[in-house]
Structure formats: C-alpha cells, structure tokens
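Try each task before reading its solution.

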Amino acid sequence: MDRQRFAELLDAYGADFRRWPAGVRASASAFVAEDAEAATLVADAHELDLLLDAGRHEAPVSPDLTARILASAPRAQPPAFDRRAMFALAACAVFGVLLGYGGGLLAPIPSEDDTYFTMAFEAPMAFEDEG
C-alpha cells in the first residue's frame, strides 16, 4: 500500500480500521506501523472522527411538528377525468363511421350483370324472380 492509497482510504473510512474494507485492514495496519507520517495522518483523522462523533445526536421528535407536517402535506386527489382519452375515443368513433360511410360510397354500384353482388346481397329476391 502506498501513501496516496492509504490517504484515500483514511479520508473515506476514518481512523478506525474496523470501518475499512476487510481486504485492506491488515495492510493498512502494517503501513501505519512502518510509516511515521501515516501514523500522524491517522492521529489527525482520529481527532476529526471524535469531532464528528460528538456532533451526532438524535433530534427530539416534536409531536406538534409532526402534526404540522402531516397537516401541510398535500392530500391525495382523486384521478381527474382525462379529456384527452375521451377525445381520442370520440375521434376513433367518428373516423370509423366516416370510413364505413365513405367506403360504402366508393363501392361500385352493382349492375344487373354483376352476379356476385346479386348473389351476395340480393340472392333471395334474384332466386325468387327466376324461380
């Protein structure tokens, strides 16, 4: 382990080697034992750890504050009517009607020679006339 890597780990995990990743704890301890400057860095980091630990405390929970926060929280709104979906549905219905009506207008007008049309749509009358 070199000094730069040791300093990076020290900044990340603090002076307590129990917080360090298990794979580097032994090498960090050996490095501190060999390097006096590393020991100084650990001592400085330990002071910083103590200051940070002294600043940790749980804030008291106030029932009044909790009640005010809950009172000011937005209420769930029922889902709004989605007009876009209704317009899309109406547009589809109108398009379907227009397509069906337009398709009927564009269909060829049956002639008396058109036996297929006659058989498909006027078969009972055609057979009645012939028969």
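The model is predicted. The chain has an accessible surface of about 11100 Å², and 64% of that surface belongs to carbon and sulfur atoms.

**Exercise 1. Describe the overall fold of the chain.**

Solution. 
- Step 1: Count the elements. There are seven helices and zero strands.
- Step 2: From the N terminus, the elements run α-α-α-α-α-α-α.
- Step 3: Check burial. The chain has 131 residues, and 15% of them count as buried.
- Step 4: Look at contacts. Take those in the chain with a separation of 6 or more: 48% join residues 24 or more positions apart.

**Exercise 2. Find the salt-bridge partners of Arg3 in the network with Asp35 and Glu37.**

Solution. 
- Step 1: Start with the total. The structure holds six salt bridges.
- Step 2: Take Asp35. Asp35 pairs with Arg3, and their closest N and O atoms are 2.4 Å apart. This pair links distant parts of the chain, 32 residues apart: Arg3 is in helix 1 (residues 3–13), and Asp35 is in the loop between helix 2 (22–34) and helix 3.
- Step 3: Take Glu37. Its side chain meets that of Arg3 in a salt bridge, 3.5 Å from N to O. Here too distant parts are linked: Glu37 lies in helix 3 and Arg3 in helix 1, 34 residues apart.
- Step 4: Join the pairs. Arg3, Asp35 and Glu37 form a network of salt bridges.

**Exercise 3. Explain how far apart Arg5 and Glu8 sit along helix 1.**

Solution. 
- Step 1: Identify the link. The side chains of Arg5 and Glu8 meet in a salt bridge, 3.7 Å from N to O.
- Step 2: Count along the helix. Arg5 and Glu8 are three residues apart in helix 1, so about one helical turn separates them.
- Step 3: Check accessibility. Arg5 is partly exposed at 41%. Glu8 is partly exposed at 39%.

**Exercise 4. Which residues make the nonpolar surface patch of about 320 Å²?**

Solution. 
- Step 1: Name the members. They are Leu48, Leu51 and Leu52.
- Step 2: Leu51 is in helix 3 (residues 36–55).
- Step 3: Test its exposure. Leu51 has 64% relative accessibility, so Leu51 counts as exposed.

Conventions. Residues are numbered from 1 along each chain as its sequence is written. This is a predicted model: local features need pLDDT of at least 70, side-chain atom pairs count only at pLDDT 80 or more; totals for chains, interfaces and linings use all residues. Side-chain values use heavy atoms; hydrogens and water are left out. Patches are made of residues with over 30% relative accessible area and no salt bridge: like charges are joined within 9 Å, nonpolar side chains (Val, Leu, Ile, Met, Phe, Trp, Tyr) within 5 Å. Accessible areas come from the Shrake-Rupley method with a 1.4 Å probe; for residues, only the protein chains shown count as cover. A salt bridge is a side-chain nitrogen of Lys or Arg within 4 Å of a carboxyl oxygen of Asp or Glu. Helices (H or I, at least four residues) and strands (E, at least two) are DSSP runs, numbered from the N terminus. Buried means under 20% relative accessible area, exposed over 50%, partly exposed in between (1.4 Å probe, protein chains only). Contact means heavy atoms within 4.5 Å.
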